[in-house]
Amino acid sequence: MLHLNRKRVLTFGTFDLFHFGHLKLLQRAAKLGDELFVGISSDSLNFAKKSRLPIMNEFERAHIVASLKCVNSVFLEESLELKRQYLLRYEADILVMGDDWSGKFDEFADICEVIYLPRTKNISTSELLQRIKNDF
């Protein structure tokens, strides 16, 4: 389906314990185009990647991200192997990922522009979890 010259940006993430770094990444990604589509890692995919379930379930995480003004639509990312199909399905013009993934998605440059944005310094879900553990 033609999207009338609107530039579509797509990104992926778990977005567990949603924090300021997540917000800044999504806002910066949205500014690169007209529409932002966000693939939320399913609980099962997150377990496969990190050997643990997210603190917040996929339903909660998807609703938080979908409520942001900068996000047009969210969908569940069920498999890392389906990234190309997601990019094609959503007719992505740009794939945006954090620079901690730099170079890992260059294979998709044949179907869309690939941009790696710098992470927000001094904040990550892992750091938040560690701070919570240290405080208790």
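Reader: Leaving aside its neighbours within four places in sequence, which residues is Cys 70 in contact with?

Author: Cys 70 is in contact with Leu 26, Gln 27, Ala 30 and Leu 36, its neighbours within four places in sequence left aside; contact means heavy atoms within 4.5 Å. Please note that this is a predicted model, in which local features need pLDDT of at least 70 and side-chain atom pairs count only at pLDDT 80 or more, while totals for chains, interfaces and linings use all residues. Residues are numbered from 1 along each chain as its sequence is written, and side-chain values use heavy atoms, with hydrogens and water left out.

Reader: Where does Cys 70 sit, and is Cys 70 buried or exposed?

Author: Cys 70 is in the loop between helix 3 and strand 3; helices (H or I, at least four residues) and strands (E, at least two) are DSSP runs numbered from the N terminus. Cys 70 is buried, its relative accessible area being 19%. Here buried means under 20% relative accessible area, exposed over 50%, and partly exposed in between (1.4 Å probe, protein chains only).

Reader: Which residues of helix 1 are buried?

Author: They are Gly 21, His 22, Leu 25, Leu 26, Ala 29 and Ala 30. Seen down the axis, these buried residues fall within an arc of 165°, so they line one face of helix 1. The arc is that of the directions from the helix axis to the C-beta atoms.

Reader: What about helix 3: which of its residues are buried?

Author: Arg 61, Ala 62 and Val 65 are the buried residues there. They cover an arc of only 100° around the axis, which puts them on the same side of helix 3. Helix 1, strand 2, helix 2 (43–50) and strand 3 are among the elements that cover them.

Reader: Which residues have the most contacts inside the largest nonpolar core?

Author: Those are Leu 26, Leu 36, Val 38, Val 65, Val 71 and Val 96, in a core of 18 residues. A nonpolar core is a set of buried Ala, Val, Leu, Ile, Met, Phe, Trp, Tyr and Cys residues joined through side-chain atoms within 4.5 Å. Helix 1, strand 2 (35–41), helix 3 (58–66), strand 4 and strand 5 each supply at least two residues of this core. The largest share, 4 residues, comes from helix 1. Apart from this core lies another, of 15 residues, including Phe 12, Phe 37, Ala 92 and Phe 105.

Reader: Turning to rings, how many aromatic pairs does a search of the whole structure find?

Author: The search finds 8 aromatic pairs. Rings of Phe, Tyr and Trp (its six-membered ring) pair if their centres lie within 6.5 Å; planes under 30 degrees apart count as stacked, over 60 as edge-to-face and the rest as tilted. Phe 75 and Tyr 90 are stacked, at 4.4 Å centre to centre with 15° between the planes. Phe 75 lies in strand 3 (residues 73–77) and Tyr 90 in the loop between helix 4 (83–89) and strand 4, so the pair ties together parts that are 15 residues apart in sequence. Both Phe 75 and Tyr 90 are buried. Trp 101 and Phe 105 form a tilted pair, at 5.7 Å centre to centre with 50° between the planes.

Reader: One more topic, please: where is Asp 16, and which backbone nitrogen does its side chain reach?

Author: Asp 16 is in the loop between strand 1 (8–13) and helix 1 (20–30). Its side chain reaches the backbone nitrogen of Ile 55 at 2.6 Å. Asp 16 counts as buried, at 3% relative accessibility.

Reader: And Lys 104, buried or exposed?

Author: Lys 104 counts as exposed, at 51% relative accessibility. Lys 104 lies in the loop between strand 4 (94–98) and strand 5 (113–117).

Conventions:
A polar contact is a pair of N or O atoms within 3.5 Å; within protein, one must be able to donate a hydrogen and the other to accept it, and residues adjacent in sequence count only if both atoms are side-chain atoms.
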